[in-house]
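Please look over the sequence and the model before turning to the points below.

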Amino acid sequence: MGAVNAGLVDRAPKQDRSRATRQRLLEAAVACLAEHGWAGSTVSVVAERAGVSRGAAQHHFPTREDLFTAAVEYVAEQRSTALRALFPDGPADRHAVVCALVDLYTGPLFRAALHLWVAASNEDQLRPRVTELEARVGRETHHIAVELLGADESRPGVRETVQGLLDMARGLGLANLLTGDGARRERVVAQWGEILGGVLD
């Protein structure tokens with residue numbers, strides 16, 4: 001009995017280490033993709049950044065495609081969780097929600113996802129996986145937006161307006177990669193608050 005318990009105790013730390021290694025790889029993959037693009041982000045580069053061996057990386061993610069699609073999905077899930085945590089009581093101040101949604105499309109995650117999309121447009125092996133991932137993340141983001149805005153999608157035009165807001169946010173994210181015009185962004189966000197008010201109220 002003691003030997004069995006010792007074995008269970010021994011396995012638990014190994015599982016914890018395995019989870020920690022996987023998380024480090026995912027976070028390193030997003031950082032590499034954001035900084036170096038698809039061409040410069042190999043499994044070896046990610047493994048070195050995560051502080052693990054290439055063999056350990058391939059144990060968790062057998063292919064490069066496995067690693068990078070899992071990494072973008074992982075961080076997208078983290079961002080979704082964080083977004084909901086900002087508004088724990090559900091529908092909130094509309095301007096604050098629009099700002100938070102726009103913020104989803106800035107920073108390393110968006111830059112990493114953008115590199116992945118561009119790579120997928122040229123890589124037949126990667127394209128279906130990224131297309132599926134983008135659809136899944138898009139549905140989740142739309143669902144969160146509807147939830148936080150208190151939007152009733154049974155009303156005509158509401159669903160399209162919420163989707164238009166997310167498309168606008170993605171466009172601002174693209175523009176921000178080059179210009180970072182905060183004043184322009186704030187004006188656009190304020191205008192979208194007015195548009196949403198006209199449709200949702």
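**Briefing on the predicted model**

G197 is found in helix 9. The structure described here is a predicted model. The points below treat confidence, individual positions, aromatic rings and one annotated region.

**Confidence**

- The protein chain has a mean pLDDT of 85, and 94% of its residues reach 70 or more.
- Among the elements of the chain, the lowest mean pLDDT, 76, belongs to helix 1 (residues 2-36).
- The highest, 94, belongs to helix 2 (residues 43-50).

- In sequence, G197 and R94 are 103 residues apart, yet their C-alpha atoms are 8.3 Å apart in space.
- D181 is placed in the loop between helix 8 (158-178) and helix 9 (182-200).
- D181 and E153 are 28 residues apart along the chain, and their C-alpha atoms are separated by 32 Å.

**Aromatic rings**

- A search of the whole structure finds 3 aromatic pairs.
- One of these aromatic pairs is formed by Y105 and F110, with 5.8 Å from centre to centre. Their planes are at 80° to each other, and the pair is edge-to-face.
- F110 also forms an aromatic pair with W117, with 6.0 Å from centre to centre. This pair, too, is edge-to-face, with 80° between the planes.
- Y105, F110 and W117 form one aromatic cluster.
- The relative accessibility of F110 is 3%, so F110 counts as buried.

**A charge over a ring**

- R64 lies over the face of W38. The distance from the ring centre is 3.9 Å.

**An annotated region**

- An unreviewed UniProt entry places the feature "DNA-binding region" at residues 42-61.
- In the model, the span of residues 42-61 is 75% helix and 0% strand.
- The end C-alpha atoms of residues 42-61 lie 12 Å apart.

Technical notes. Residues are numbered from 1 along each chain as its sequence is written. This is a predicted model: local features need pLDDT of at least 70, side-chain atom pairs count only at pLDDT 80 or more; totals for chains, interfaces and linings use all residues. Side-chain values use heavy atoms; hydrogens and water are left out. pLDDT is the predictor's confidence in each residue, from 0 to 100. Helices (H or I, at least four residues) and strands (E, at least two) are DSSP runs, numbered from the N terminus. Rings of Phe, Tyr and Trp (its six-membered ring) pair if their centres lie within 6.5 Å; planes under 30 degrees apart count as stacked, over 60 as edge-to-face and the rest as tilted. Buried means under 20% relative accessible area, exposed over 50%, partly exposed in between (1.4 Å probe, protein chains only). A charge sits over a ring if NZ of Lys or CZ of Arg is within 6 Å of the ring centre and within 35 degrees of the ring normal. UniProt positions are given in the numbering used here, feature names are shortened, and annotations may be inferred rather than shown by experiment.
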